[in-house]
Amino acid sequence: MASYSAQLKELSARAKTIHIAVDETRTYAVPQAGTFLRRLTGLLFGGDIVLLRPCNSVHGFGMRRTLDVAYIDNSGSVIDTAVLKPWRVHAPRRGAIAVWELPVGELERLGVTRGSTLRFSI
C-alpha cells in the first residue's frame, strides 16, 4: 500500500472532498481544508467534519462546541486522539501531517483509536 504522503500527493489540495476508509467496510466523505484560510477557520463557520492538511496542531478559538481530533502521520496511522474544547489550543504533535476534526464522541463511535490506519482517496 502506498504511504499516506504518496496518496495525498496524488490528491489535489483543492479537492473539496477526501474519502477516508476506516476499515474494509466503512468509508467516509470528508470535506478537506487544503488551503491556509480553510485550515485556519476549520469548523468555525459550520460543518461537522473536516480533514486539515498539512496540519499538526489545532485550536478552538471562536468555537462553541467540543470536537474530537485525530492526528495522522505520513503512513496513515492515527498517532494521537484528543478532545478539543472551545478556546483551547493543542500543542503540535510530532510526526502529524494531518488532523481529522469530528463532533465529540465520533472517534469512539467509528472505532478510531491511536494506532488505527486510515486510507485516503478522492
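Leaving aside its neighbours within four places in sequence, which residues is R93 in contact with?

Tutor: The model is a predicted one, and what follows is computed from its atoms. Once neighbours within four places in sequence are set aside, the contacts of R93 are N56, Y71, I79, D80 and A82. R93 itself sits in the loop between β5 and β6.

Two polar interactions of the R93 side chain can be described. One is with the backbone: a polar atom of the R93 side chain lies 2.8 Å from the backbone oxygen of A91. The other is a salt bridge to the side chain of D80, at 2.7 Å from N to O. That pair links distant parts of the chain, with R93 in the loop between β5 and β6 and D80 in strand β5, 13 residues apart. Both R93 and D80 are buried. For D80 the relative accessibility is 13%, and because buried means under 20%, D80 counts as buried.

D80 has a further partner. R114 also forms a salt bridge with D80, and the closest N and O atoms are again 2.7 Å apart. R114 is in the loop between α3 (106-110) and β7 (119-121), while D80 is in strand β5, so this pair ties together parts that are 34 residues apart in sequence.

A search of the whole structure finds three salt bridges. Besides the pairs R93 with D80 and R114 with D80, there is a bridge between the side chains of E106 and R109, at 2.8 Å from N to O. E106 and R109 are about one helical turn apart, because they are three residues apart in helix α3. E106 counts as partly exposed because its relative accessibility is 21%; R109 counts as exposed because its value is 56%. As for shared partners, salt bridges join D80, R93 and R114 into one network.

The loop that carries R93 also holds K85 and V89. K85 counts as partly exposed, because its relative accessibility is 49%. The C-alpha atoms of K85 and T66 are separated by 4.6 Å, although the two residues are 19 residues apart along the chain.

V89 lies in the loop between β5 (78-84) and β6 (98-103). It is exposed because its relative accessible area is 52%. Together with F61 and W87, V89 makes a nonpolar surface patch of about 350 Å². The loop between β5 and β6 therefore holds both the exposed V89 and the buried R93.

Now for the rest of the chain. The protein chain has three helices and seven strands, and from the N terminus on its elements run α-β-β-α-β-β-β-β-α-β. Of its 122 residues, 41% are buried. Among contacts with a separation of 6 or more, 58% are between residues 24 or more positions apart. The chain exposes about 6,700 Å², and carbon and sulfur atoms supply 54% of that area.

To return to the part in question: R93 is a buried residue in the loop between β5 and β6. Its side chain has a polar atom 2.8 Å from the backbone oxygen of A91 and meets D80 in a salt bridge. Through shared partners, R93 belongs to one network with D80 and R114.

Key: Residues numbered from 1 in each chain as written. Predicted model: local features only at pLDDT ≥ 70, side-chain atom pairs only at ≥ 80, totals over all residues. Heavy atoms only, no water. Patch = residues over 30% accessible without salt bridge, like charges linked within 9 Å, V, L, I, M, F, W, Y side chains within 5 Å. Areas by Shrake-Rupley, 256 points an atom, 1.4 Å probe, with all protein chains shown as cover. Salt bridge = Lys/Arg side-chain N within 4 Å of Asp/Glu carboxyl O. Helix = DSSP H or I, 4+ residues; strand = E, 2+ residues; numbered from the N terminus. Buried < 20%, exposed > 50% of the residue type's maximum accessible area, 1.4 Å probe, protein only. Contact = heavy atoms within 4.5 Å. Polar contact = N/O pair within 3.5 Å; in protein donor to acceptor, adjacent residues only side chain to side chain.
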